[in-house]
Amino acid sequence: MTHSPSLNHRLTPSSAATADAGRARYLSLLGLLGLVLLASMGLSLGLGSFPTSFGEILHALASPQHSDIAFIVWELRLPRLLLAVLVGAALAVAGAILQGMVRNPLASPDVIGITSGAALAAVTFLALAGTTLSIHWLPAAALIGALIAALLVFLLAWKGSVSPSRLVLVGIGLSAAMGALTTLLIVISDDAAAMTAYVWLTGSLYATQWQDVLGMLPWLLVALPLCLAHARHMDAMALGDAVAQGLGVNLLRSRLVLMACSVALAGAAVAFAGGLSFVGLIAPHIASRLVGRGFARLVPAAALVGALIVLYADLLGRVAFLPKDLPAGIFVSGVGAPFFVYLLHRTRGQRH
């Protein structure tokens with residue numbers, strides 16, 4: 001009597017082939033996004049109030065001591081575009097974490113109060129301490145505000161545990177309250193502080209320095225590996241709390257770690273670039289359309305998409321209305337607000 005091979009053995013070759021094809025497609029898409037980002041960075045280096053050729057850019061990068069445009073490339077454009085890439089990546093990953101953790105496609109750092117906390121702290125600094133302390137302390141104040149806001153949201157949402165829906169509701173309420181306080185502070189501030197606050201709240205990369213790039217980079221280097229290390233837990237939580245617990249996931253610890261990563265990334269991004277809204281909302285959705293929903297796949301793709309969004313928003317701000325230099329946040333919001341309405345309409349349609 002002959003025995004037919006088991007079902008697992010019959011499925012293994014096709015399953016392996018499917019997995020290999022999916023992995024190859026994912027790596028191809030990731031490589032393509034990386035190439036587009038590199039090309040966009042080259043384009044950004046060459047455009048501005050003083051246009052330069054690709055050859056001049058390469059010469060300035062390779063031999064700055066022999067280039068007439070070394071200062072423009074190395075001190076004005078390069079740190080600014082690098083900060084745009086880092087900030088966009090950070091906001092995108094922070095948004096991907098929140099959307100996965102609370103299982104809500106409309107979740108983002110703007111929604112749960114992280115951005116509002118940073119904004120309130122920054123405006124408070126400008127209104128009360130800006131005349132006595134150096135403006136270089138502004139990122140630190142904004143980051144502290146983001147951390148305090150996240151801690152308040154977590155504590156107010158705590159009832160033996162933290163449910164995703166309660167986290168979002170508390171975040172929305174606290175964000176509205178902090179937004180009102182921010183507006184009040186701007187109204188009672190002097191004209192100079194109010195103008196600086198308005199520009200910062202819009203989101204701007206103007207006058208970026210290397211110290212800003214070096215200040216932003218460590219947050220990504222620490223938070224991204226932590227996110228990827230908890231990718232399996234995030235995928236389990238996407239199936240529901242009961243399923244995740246059944247798979248052995250410590251929900252409280254995983255949420256604390258992932259929430260800390262999201263706060264650190266969003267808080268640092270807002271601290272160095274101001275109130276850039278909607279990046280954390282848009283980028284994860286675009287990335288998920290390209291690579292699927294697996295969190296380990298989504299994080300690198302979302303980071304690249306977010307970097308592209310902020311890079312092009314800042315590039316438009318620099319060159320579209322010369323000689324004026326407009327905040328990048330204007331262009332991000334111009335795309336993000338309609339996208340938010342579209343997501344809201346689609347989510348509402350799915351529920352009905």
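**Cysteines, helices and ring pairs in a predicted model**

Q: Is Cys227 buried or exposed?
A: In this predicted model, Cys227 has a relative accessible area of 0%. The cut-off for burial is under 20%, so Cys227 counts as buried.

Q: Why is the sulfur of Cys227 too far for a bond with the closest cysteine sulfur, and what is the distance?
A: The closest cysteine sulfur belongs to Cys261, a residue that is itself buried at 3% relative accessible area. A disulfide needs the two sulfur atoms within 2.5 Å. The pair is too far apart for a bond because the separation is 4.1 Å.

Q: How many disulfides does a search of the whole structure find?
A: Cys261 is in no disulfide, with Cys227 holding its nearest cysteine sulfur. Taken over the whole structure, the number of disulfides found is 0.

Q: Which helix holds Thr182?
A: Thr182 is buried, at 6% relative accessible area. Beyond its neighbours within four places in sequence, it is in contact with Ser116, Ala119, Leu120, Val123 and Leu201. The stretch it belongs to covers residues 164-188, which is helix 6.

Q: How many Å separate the C-alpha atoms of Ala268 and Ala118?
A: Ala268 sits in helix 11, residues 251-273, and is buried at 0% relative accessibility. Leaving out residues up to four places away in sequence, Ala268 touches Leu143, Met216, Trp219 and Val263. Ala118 is 150 residues away from Ala268 along the chain, yet their C-alpha atoms are separated by 9.1 Å.

Q: Which residue does a cis peptide bond join to Leu322?
A: The loop to look at runs between helix 13 (295-319) and helix 14 (328-351), and it contains Pro323. The cis bond there has an omega of about 5 degrees, and the partner of Leu322 is Pro323.

Q: What is the phi of Phe278, a residue other than glycine?
A: Phe278 lies in the loop between helix 11 and helix 12 (279-291), and it is buried, with a relative accessible area of 19%. Ala207, in the loop between helix 7 (191-202) and helix 8 (210-229), also has a positive phi, near 60 degrees. For Phe278 the phi is positive too, near 80 degrees.

Q: What is the angle between the planes of the aromatic pair that Trp74 and Trp210 form?
A: The search of the whole structure finds 2 aromatic pairs, and this one is tilted, at 6.4 Å centre to centre. Trp74 lies in helix 3 (residues 70-102) and Trp210 in helix 8, so the pair ties together parts 136 residues apart in sequence. Trp74 is partly exposed at 28%, as is Trp210 at 27%. The angle between the planes is 35 degrees.

Q: Are the rings of Phe321 and Phe331 stacked or edge-to-face?
A: Phe321 belongs to the loop between helix 13 and helix 14, and Phe331 to helix 14, 10 residues apart. Phe321 is partly exposed at 45% relative accessible area, whereas Phe331 is buried at 17%. Planes under 30 degrees apart count as stacked. The ring centres are 6.4 Å apart with the planes at 25 degrees, so the pair is stacked.

Technical notes. Residues numbered from 1 in each chain as written. Predicted model: local features only at pLDDT ≥ 70, side-chain atom pairs only at ≥ 80, totals over all residues. Heavy atoms only, no water. Buried < 20%, exposed > 50% of the residue type's maximum accessible area, 1.4 Å probe, protein only. Helix = DSSP H or I, 4+ residues; strand = E, 2+ residues; numbered from the N terminus. Contact = heavy atoms within 4.5 Å. Phe/Tyr/Trp six-rings, centres within 6.5 Å; stacked < 30°, edge-to-face > 60°.
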